[in-house]
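Hello,

Here is the structure I said I would pass on. Please open it first, then read my notes below.

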Amino acid sequence: MKFFSWSTLSLFDWFLIVGIIALNVVYSFLMQDIDIIGTVAGVSGVLCVVLVAKRSMANYLFGLINVTLYAIISYKSKIYGDAVLNAFYYLPMQFIGWFGWIKHTEKSGENSKEESSLVKSRKMTVRQRSYLFIGCFILVVVTGFILDRWTGDPQPYKDATTIVLAIIAQYLMVKMFLEQWILWIIVNVVSTIMWVYLLYNGQPHAALMVGMWLFYLANSINGYCVWHKAATRNF
């Protein structure tokens with residue numbers, strides 16, 4: 001199997017990678033302090049999602065680093081839902097995803113028997129999409145109601161949206177479905193808003209997390225376009 005080649009990255013991909021590194025350098029200079037955990041989490045996170053958009057299995061290597069550090073950051077910022085989600089769901093899913101994707105890679109070329117590190121992309125039928133969006137809506141409402149009624153969560157439906165959609169999107173990612181990106185876009189928008197609020201309230205690492213989620217959002221839009229093209233070709 002041929003591992004991922006950095007030469008396949010587009011100009012937009014390099015913009016995201018260089019952009020998150022530059023953001024961390026500027027932040028460190030302005031604050032006169034290096035946020036090592038936030039920096040590594042942000043850079044590894046952007047590398048991960050860029051490689052997911054490229055359909056490369058290499059994303060799981062960076063994802064393993066990102067979810068571990070993000071769980072620590074979320075816990076320190078008292079975002080316990082995100083901490084639990086990353087530590088007990090995203091983390092094991094990195095291993096599950098790796099072994100799931102490795103069985104469904106494309107050929108390196110039309111007449112080549114060599115396997116590449118790029119996974120095949122699939123898309124749902126109209127009926128499956130309908131079930132997906134109706135199911136997501138119901139689960140978000142029910143989860144939001146539970147959080148509001150029994151946990152005292154100050155933003156129950158926002159938290160319900162990120163938790164439910166992220167869990168489903170990660171599962172769709174492992175199953176190589178294009179529709180994951182629609183959910184990731186929503187999750188990234190809501191998460192960006194959440195971290196902007198935490199930045200306003202002076203939480204540590206918040207500035208770097210806002211930048212990370214904005215890059216995630218840009219990549220998720222690009223990821224949808226890339227996977228849509230690949231899914232249409234494979235459909």
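Start with helix α1, which spans residues 11-31. Phe-12 and Phe-15 sit 3 residues apart in this helix, so about one helical turn separates them. Please keep in mind that this is a predicted model.

Those two residues form an aromatic pair. How exposed are the two partners? Phe-12 is partly exposed, at 30% relative accessible area. Phe-15 counts as exposed, with 51% relative accessibility.

The search of the whole structure gave 11 aromatic pairs. There is also an aromatic cluster, made up of Tyr-60, Trp-101, Trp-181 and Trp-227.

Two arginines are worth a look too. The charged end of Arg-122 sits over the ring of Phe-177, 4.3 Å from the ring centre. Arg-149 lies over the face of Trp-150, and here the distance to the ring centre is 5.5 Å.

Next, the open space. The largest pocket has a volume of about 390 Å³. It is lined by 17 residues. Closest to its centre are Lys-78, Ile-79, Tyr-80, Asp-153 and Asp-159. Three helices each supply at least two lining residues: α4 (80-101), α6 (156-174) and α7 (180-200). Which of them gives the largest share of the lining? That is α6, with 4 residues. By class, the pocket lining holds 7 nonpolar, 5 polar and 5 charged residues.

About 410 Å³ of space lies in the largest cavity. Its lining has 30 residues. Val-49, Tyr-90, Gln-170, Trp-184 and Tyr-216 lie nearest the cavity centre. The elements that give two or more residues to this lining are α2 (36-53), α3 (59-76), α4, α6, α7 and α8 (206-234). By class, the cavity lining has 16 nonpolar, 13 polar and 1 charged residues.

Then go to the pocket by way of Lys-78 and Asp-153, which are among the residues closest to its centre. Finish at the cavity, with Trp-184 and Tyr-216 among the residues nearest its centre.

Best wishes

Key. Residues are numbered from 1 along each chain as its sequence is written. This is a predicted model: local features need pLDDT of at least 70, side-chain atom pairs count only at pLDDT 80 or more; totals for chains, interfaces and linings use all residues. Side-chain values use heavy atoms; hydrogens and water are left out. Rings of Phe, Tyr and Trp (its six-membered ring) pair if their centres lie within 6.5 Å; planes under 30 degrees apart count as stacked, over 60 as edge-to-face and the rest as tilted. Buried means under 20% relative accessible area, exposed over 50%, partly exposed in between (1.4 Å probe, protein chains only). A charge sits over a ring if NZ of Lys or CZ of Arg is within 6 Å of the ring centre and within 35 degrees of the ring normal. On a 1 Å grid over the protein atoms alone, a cavity is a set of points where a 1.4 Å probe fits but cannot get out, and a pocket is an open set with protein on both sides within 12 Å along at least five of seven lines; lining residues have an atom within 4 Å of a point. Grid points are joined across faces, edges and corners, and a volume is the space filled by probe spheres set on the points. Ala, Val, Leu, Ile, Met, Phe, Trp, Tyr, Cys and Pro count as nonpolar, Asp, Glu, Lys and Arg as charged, and the others, Gly among them, as polar.
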